[in-house]
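The chain and its ligands are shown first.

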Amino acid sequence: MHRLLPLGMALSVALLALVACEGKSTATMENSSTGSAGPRKPPLSLGAQVGQLAFFDKNLSGGRNMSCASCHDPQYAYGPPNSVSVQLGSDITQTGVRAVPSLRYRESTPAYSDDAPNPDGVTSNSPGGGFMWDGRAATLATQAGMPLLNPLEMNNSSKDAVVKAVRNGTYAGLFKQAFGVDVFNNTDAAFEALGTAIQALETEDLSFHPYSSKYDLHVFNKVGGTLTPAERRGEVVFHSTGVSNCSGCHYTGANFNGNSGLMTDFTYQALGAPRNDRSIPNNPDPIPANNDPKYFDMGLCGPYRTDHMPATPDTANPYCGMFKVPGLRNVATRGAFFHNGVLHSLDQVVNFYNTRDTNPEYWYPANSNDRSGTPQANPSWALQPVHVPGATVNKYNDLPTSQQGSIDEEVPMGTGEGGDKTLASGTRPRQPGSAPVMTPQQIADLVCFLGTLSDGYQPSSAAPTTGRCVK
Ligand code: HEC
Ligand code: HEC
């Protein structure tokens, strides 16, 4: 339905995009949201000004020690400022359960639907859209209320506590100006207004969608946008359906609102990311919730969204294990990858795609009763430092066995043939010991290409002559 925009709408969207480009082409620095003297930018609405003050306001947390920006740091593309897999909360004895996403380029995410059209206009409808790794927030405004009340995050005891902090704070006057003099009379309405303010900030402020990467200069054929040979090869690999198939999910074409290059089609897939727990030797930051062997974070089927729970834990449910395809802009500024933050470098991520099924012993622990042989070293990027040849491996160990039928077997993980996604259908996963689809050179080139997606790129007068992405 959303696929075909009426021409007028498409045009105005294109015009808006042009205006946005105009603003950004002069911008050498990222549009600071703390109002530094930089290039002129469109003034924020009153609501967005409130949102900006609230976003950085530590008084909006139970311990008065944490703002949205503590986890979503503007210096790190509104992602986490460290490489820890999951962050501490305002109550510092508590730790989150999922990796913190970047907040850039989120404003055009449609609300979640089980039957969402795909922006490529070809792929059939499937679960898509929504905020959070499981899409459970329909809008940025409702999303904003969640961390405020989450005991593992900002840890306020009630909406009332949050509204009191705003009413007693420095921008209470501006809040009333934006949302009405009576706004504080009704706690629910005031709490909702705070969400509306934060959404306005995330939508209006150019620092949330600066389009200032080398990739942007490249796709618009602008000065400084010439990719190095390695980056260019990486781009070709990224789009190659038979090799990496990256853009099959990290879609680069125009999205529903006309914006392109967001590197997501907003769909959900089950990639079988390894469980982030103590089964990984020397794991610097296992997720505490995973100490409970019965706890599984299964994305679309719970536990944090509750509308697709399996009838019983043993009833196979295709939604289990599915997480949102994240946009890849600024991904090179991250230090923790996938919904559980289990991987810590892009090299590791791409090698995971390449060898999840050909060499599961690199990623998953051996079954405990099967570790008797002489261990051999795994590659340096593997999660498991060694494996015992011939030992069976606890594959897809972050999903109960009954739910492993959801695992995605598209290229580059599997061979992709057939319409049936169940493991029982046979040959779809690449078999252990068979050759991975990507070469080490292709992997290195892909990582170079991903590096071009970082905002704040300064085209230098001379082309770089050193570094692994030059040639
Ligand atoms: C303690 C760290 C932390 C704090 C503080 C925090 N967040 Fe988040 N944020 C997260 C995590 C973790 C997720 C992913 C949660 C999930 O998927 O269940 C997230 C997800 C989001 C998303 C969804 C992004 C997407 O790609 O779908 C938005 C938007 C967001 N946060 C905005 C905010 C705002 C606004 C605040 C302040 C009111 C805030 N966050 C405070 C950790 C934090
Ligand atoms: C079948 C769809 C699909 C394909 C193909 C695919 N991805 Fe992904 N990608 C995902 C999903 C889904 C996630 C999130 C998985 C999770 O968190 O459990 C993800 C996560 C990532 C992340 C981590 C981002 C973050 O913020 O944590 C990177 C990097 C990435 N993919 C790169 C690639 C590259 C490079 C390729 C090609 C080699 C590729 N992807 C192919 C669906 C896909």
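## Backbone particulars

In which loop is the place of Pro-412? The model is a predicted one, and in it Pro-412 falls in the loop between strand E6 (386-387) and helix H12. The peptide bond that joins Val-411 and Pro-412 is cis, with omega about 10°.

A cis peptide bond also joins Gly-302 and Pro-303, where omega is about 10°, and Pro-303 belongs to the loop between strand E3 (268-269) and E4. Tyr-78, although it is not a glycine, has a positive phi of about 60°; this residue is placed in the loop between H3 and strand E1 (113-116).

## Ligand 1 and its contacts

Around ligand 1 there are 26 residues, of which Cys-68, Cys-71, His-72, Arg-106 and Met-132 come nearest. An oxygen atom of ligand 1 lies 2.6 Å from a backbone N or O atom of Met-132, and a polar backbone atom of Trp-133 is 2.8 Å from an oxygen atom of ligand 1.

Two or more residues of the shell around ligand 1 come from each of helix H3 (68-71), helix H4 (140-149) and H7. Of these, H4 gives the most, with 5 residues. Divided by class, the shell around ligand 1 holds 17 nonpolar, 3 polar and 6 charged residues.

## The largest pocket

Ligand 1 sits in the largest pocket, whose volume is about 940 Å³. The lining of this pocket is made up of 43 residues, and those closest to its centre are His-72, Pro-101, Met-132, Gln-143 and Glu-153. H3, H4 and H7 are the elements that give two or more residues to the lining of the largest pocket, and H4 gives the most, with 5 residues.

By class, the lining of the largest pocket divides into 26 nonpolar, 11 polar and 6 charged residues.

## Ligand 2 and its contacts

The surroundings of ligand 2 comprise 26 residues, and the closest of them are Cys-246, Cys-249, His-250, His-339 and Tyr-353. In the side chain of His-250, an N or O atom is 2.8 Å from a nitrogen atom of ligand 2, while a polar side-chain atom of Tyr-353 lies 2.6 Å from a nitrogen atom of the ligand. An N or O atom in the side chain of Arg-334 is found 3.3 Å from an oxygen atom of ligand 2.

At least two residues of the shell around ligand 2 are supplied by each of helix H10 (246-249), strand E4 (323-324) and helix H11 (346-355), and H11 gives the most, with 3 residues. The shell around ligand 2 consists of 17 nonpolar, 5 polar and 4 charged residues.

## The largest cavity

How many cavities of 30 Å³ or more does the count give? The count comes to 6 cavities of 30 Å³ or more, and ligand 2 sits in the largest cavity, which holds about 720 Å³ of space. The largest cavity is lined by 43 residues, and His-250, Leu-271, Pro-326, Phe-338 and Tyr-353 are those nearest its centre.

H10, E4, H11 and helix H12 (440-451) each supply at least two residues of this lining, with the largest share, 4 residues, coming from H11. The classes represented in the lining of the largest cavity are 25 nonpolar, 10 polar and 8 charged residues.

## Aromatic pairs

The structure holds 16 aromatic pairs. One of them is formed by Phe-55 and Phe-208, an edge-to-face pair with 5.9 Å from centre to centre and 90° between the planes. This pair links distant parts of the chain, 153 residues apart, with Phe-55 in helix H2 (residues 46-55) and Phe-208 in the loop between helix H7 (187-204) and helix H8 (214-219).

Note on methods
Residues are numbered from 1 along each chain as its sequence is written. Chains are lettered from A and ligands numbered from 1 in the order in which they are written. This is a predicted model: local features need pLDDT of at least 70, side-chain atom pairs count only at pLDDT 80 or more; totals for chains, interfaces and linings use all residues. Side-chain values use heavy atoms; hydrogens and water are left out. A residue is near a molecule or strand if one of its heavy atoms lies within 4 Å of it. A polar contact is a pair of N or O atoms within 3.5 Å; within protein, one must be able to donate a hydrogen and the other to accept it, and residues adjacent in sequence count only if both atoms are side-chain atoms. On a 1 Å grid over the protein atoms alone, a cavity is a set of points where a 1.4 Å probe fits but cannot get out, and a pocket is an open set with protein on both sides within 12 Å along at least five of seven lines; lining residues have an atom within 4 Å of a point. A molecule sits in a cavity or pocket if more than half of its atoms lie within 2 Å of its grid points. Ala, Val, Leu, Ile, Met, Phe, Trp, Tyr, Cys and Pro count as nonpolar, Asp, Glu, Lys and Arg as charged, and the others, Gly among them, as polar. Grid points are joined across faces, edges and corners, and a volume is the space filled by probe spheres set on the points. Rings of Phe, Tyr and Trp (its six-membered ring) pair if their centres lie within 6.5 Å; planes under 30 degrees apart count as stacked, over 60 as edge-to-face and the rest as tilted.
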